[in-house]
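Keep the sequence and the coordinates side by side.

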Amino acid sequence: MKNLKELTYWIIFIIYEEIIFSILIFGSFPTTAPLIILLSLPLAIGLNLITSLLKRKANVVISYILTFGVSFIVAAQLIYYKIYEAILSFYSIINGGQVAEFMTTIFEVMCQNWIGLILIFIPFILLIILHLTKILKFERNSVKEILVKIIIILIVYMIGLVCINTINIEGIHSNKNLYYNIHIPKVTANRMGLYTSMKLDLERLIFGFDEKVTIEVSTIPEGAIKEETKYNITEIDFDTLIANEQNKNVKTMNEYFANQIPSEQNEYTGMFKGKNLVVFVAEGLSNVAIREDLTPNLYKLYSEGFQFDNFYTPLFPVSTADGEYMTDTSLIPKEGVWSIYKIKGNYMPYSYANVFKKLGYSTNSYHNHTATYYHRDVYLKTMGYDSYLAKGNGLEKRMNTKLWPNSDYEMIDVTVDDYINNDKFLAYYMTVSGHLNYTTNGNCMATRNWEQVKDLPYSHKARAYLATQIELDKAIGELINKLELAGKLEDTVIVLSPDHYPYGLTLSELNELSTYERDNTFEKHHTPLLIWSGSMEKPIKIEKPCSSLDVLPTVLNLFGIEYDSRLLIGNDILSNNKEQIVIFSDRSFITEKGRYSSVKGIFTPNEGVEVEENYVEEISEIIYQKFKMSAMILDYDYYRKIFNINWNEKNDILSTK
């Protein structure tokens, strides 16, 4: 057969890229290397086939293009993963036009990973040498040889499918489920290789995909609901909904939510009833930035308010957008899309704005970066806010928005008067001062507050990070001052949580600021949730594990809002009748019993804790259902169906039928 050397080159090239990627990302030689190699062979043979269809010169040019292109894709995935801990989806590639705003960050991560990038592009250099020395000639194949290669591709592909269907087929995260039934790109890339993960992502983007592992919906155990106990629940006739529903998926959802145990009301239910609410989703905030000496206002919120000492903000693939979405909706973002945009036009009965607007509150939202970034303007309209002010739709008329990043303090200073004199108000802020890069060369907030951190015994980036969070602290201080002057301090609640941990810091830089050694899997995501009111007489410490998903139901309970806790994916942290689960994007988890890494397949119980043999599988099935239900709530506009809401698009109003 002609081009045998060329075929060998493509096979070695593709396998090499897969193995290098796995080592660079997951830190070790893949234990599933035989399966990764087998699944990558069709691509290698296919590339060889493409580069043997034309005349020699054309084949050479195509070979250079394809080798560079494949290497570039692997390099891009490496850089993306190092920033976001996720596999870059085709949806994000298509919708990522604003990435140019963060080229400085990308360049910095490239510099940090220059050895890995060189390793990825070695085959391209090798190709040049092999071509110039005429070892590789890229001659044209005959029709017979082309057919033989096509047959070989099909045979190898079928063998790969046989292996997927026969090896490691037990459990929710089995190879078979990963390939056919569930969408966890990070785990798929670890088990089957990057190319297989990207192939599945592209197929699912084009043809659509619903996770379809069949898990029987368990009924509520006898005695789980106590007659004498009050729950956060509303009257929903699920029996009628189930009986009348024609759509199989929606019917499954009705059955699932009907059998969820609602959260108990508790001693904190209605603690803040009737008070005003100011919500912050804080860019890149970590609890390492809460210090009495540097950030006294953040420290005040923590030391005098609720102290959620085991709160986590897991990083999902669309970083800030997904973090904001989880915090605001108590839903898990759908993998492979931008949930913050896909939710456009859905009915969201438990969003802050829709809840508090019904109670007569004014509802204002703000962001001190581009108004349309992540389609946030569309998202906040869907969430029900009466107004939204950001850079590009009016905020630039009130403050200097030409800085990078812009000032949280200035945003507070020029917006509080919009609502502070209202009888009842809700204000929502998505901040940006804490954004990377953490340097005095290009980060205006780091430069502005550098004097306060310049002599601290940390690296430049660690100090710069603290300087950016000082600007957030000043914003909180300004808000408190204005509330006090208006006589509204004791009647207002401040809720503050991050969108994600500060991934602009390396783990070692984060640990410079940490009081304990954080790991790369779980503890770097350990962040603060601050809930405070001037009316609180003493701090309240909560030690159970909790996450961004739990913020909304916790706040609704504190305000005594009537809501159905069965319909939210997170839990009221202050309720004691449900096990708290911190859920990560790769479906790893933390519970009060221990921690499970889905990539490593290892569960580490907490000291002195014994768990039943099937505990990990049971929690993994619960998490699977939560992912699936979150996606279907998004896809089917489920809350509209449950509450029988009709949308009048022409007049942009909601009405109950």
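Rings of Phe, Tyr and Trp (its six-membered ring) pair if their centres lie within 6.5 Å; planes under 30 degrees apart count as stacked, over 60 as edge-to-face and the rest as tilted. By that rule, ring pairs join Tyr 268, Phe 272, Phe 306, Phe 308, Phe 356, Tyr 361 and Phe 559 into a cluster.

This is a predicted model, where local features need pLDDT of at least 70, side-chain atom pairs count only at pLDDT 80 or more, and totals for chains, interfaces and linings use all residues. Residues are numbered from 1 along each chain as its sequence is written, and side-chain values use heavy atoms, with hydrogens and water left out.

How many aromatic pairs does a search of the whole structure find? The count is 38 aromatic pairs. One of them joins Tyr 9 and Phe 13. Their ring centres are 5.9 Å apart and their planes meet at 5 degrees, so the pair is stacked. Both residues sit in helix H1 (residues 4-26), four residues apart, which means about one helical turn separates them. Helices (H or I, at least four residues) and strands (E, at least two) are DSSP runs, numbered from the N terminus. Tyr 9 is buried at 6% relative accessibility, and Phe 13 is buried at 2%. Buried means under 20% relative accessible area, exposed over 50%, partly exposed in between (1.4 Å probe, protein chains only).

Phe 26 and Tyr 81 make an edge-to-face pair, 6.1 Å centre to centre, with 70 degrees between the planes. Phe 26 belongs to helix H1 and Tyr 81 to helix H3 (residues 56-84), so this pair ties together parts 55 residues apart in sequence. Phe 26 is buried, with a relative accessible area of 17%. Tyr 81 is buried too, at 10%.

Now turn to helix H14 (residues 319-329). Eleven of its eleven residues are buried. Among them are Ser 319, Asp 322, Glu 324, Tyr 325 and Asp 328. Ser 330 follows H14, and its phi is positive, near 60 degrees.

The last stop is the surface. Glu 579, Glu 592, Glu 612 and Glu 618 gather there in a patch of negative charge. Like charges are joined within 9 Å. Glu 592 lies in the loop between strand S12 (589-591) and strand S13 (594-597). Glu 592 is partly exposed, with a relative accessible area of 46%.

Notes:
Patch = residues over 30% accessible without salt bridge, like charges linked within 9 Å, V, L, I, M, F, W, Y side chains within 5 Å. Areas by Shrake-Rupley, 256 points an atom, 1.4 Å probe, with all protein chains shown as cover. Salt bridge = Lys/Arg side-chain N within 4 Å of Asp/Glu carboxyl O. Lys, Arg positive; Asp, Glu negative; His and termini not counted. Charge placed at Lys NZ, Arg CZ, Asp CG, Glu CD.
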